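Please have the sequence and the model open while reading.

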Amino acid sequence: VKAQALWGGGVILSLADTLQHGITVAPVVANLGPLEALTLNPNPDEVEEVFTLPLAHLLREENQGYTHFRTASGYGYTLPVFLNGPHKVWGLTAIITELTLELLVPGRY
């Protein structure tokens with residue numbers, strides 16, 4: 001990806017998920033051009049399916065939700081989820097999507 005295509009001038013938001021997995025993730029937002037021109041080769045051990053969602057779809061309230069979790073110790077937490085027919089964006093991907101929407105469209109999300 002060319003540097004000028006990166007959103008934020010190359011400033012990367014680091015998101016540490018130390019509570020559950022002890023991992024650090026550095027999400028990057030970029031303009032990749034027309035989707036039809038892309039050839040994606042995701043790791044099949046990590047990615048079951050690749051699909052796209054327009055920004056307008058993500059911003060519609062009927063496509064947004066939250067999932068509540070409880071642990072054996074009774075501790076509970078809530079994570080965002082984005083709905084799209086049979087597909088759900090959840091977990092760490094939904095957290096990153098939510099943070100990105102808050103930055104891209106403040107006041108609308």
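The model is predicted, with local features needing pLDDT of at least 70, side-chain atom pairs counting only at pLDDT 80 or more, and totals for chains, interfaces and linings using all residues. Residues are numbered from 1 along each chain as its sequence is written, and side-chain values use heavy atoms, leaving out hydrogens and water.

**Strand pairing**
- Strands β3 (residues 64-70) and β4 (residues 76-84) run antiparallel and are joined by seven bridges; strands are DSSP runs of E with at least two residues, helices are runs of H or I with at least four, and both are numbered from the N terminus.
- β4 also pairs with strand β5 (residues 87-89), antiparallel, over three bridges; pairing requires that DSSP finds at least two bridges between two strands.
- Phe82 in β4 lies opposite Gln64, and Val89 in β5 is the bridge partner of Phe82.

**Turns**
- The β3 and β4 hairpin has five residues between the strands, and Gly74 there has a positive phi near 95°.
- Two residues separate β4 from β5 in their hairpin, where the turn residue Gly85 has a positive phi of about 55°.

**Asn63**
- Asn63 counts as buried because its relative accessibility is 11% (buried is under 20% relative accessible area, exposed over 50%, partly exposed in between, with a 1.4 Å probe and protein chains only).
- The Asn63 side chain reaches the backbone oxygen of His57 at 2.9 Å.
- Leaving out residues up to four places away in sequence, Asn63 touches His57, Val81, Phe82 and Leu83 (contact means heavy atoms within 4.5 Å).

Note on methods
A polar contact is a pair of N or O atoms within 3.5 Å; within protein, one must be able to donate a hydrogen and the other to accept it, and residues adjacent in sequence count only if both atoms are side-chain atoms.
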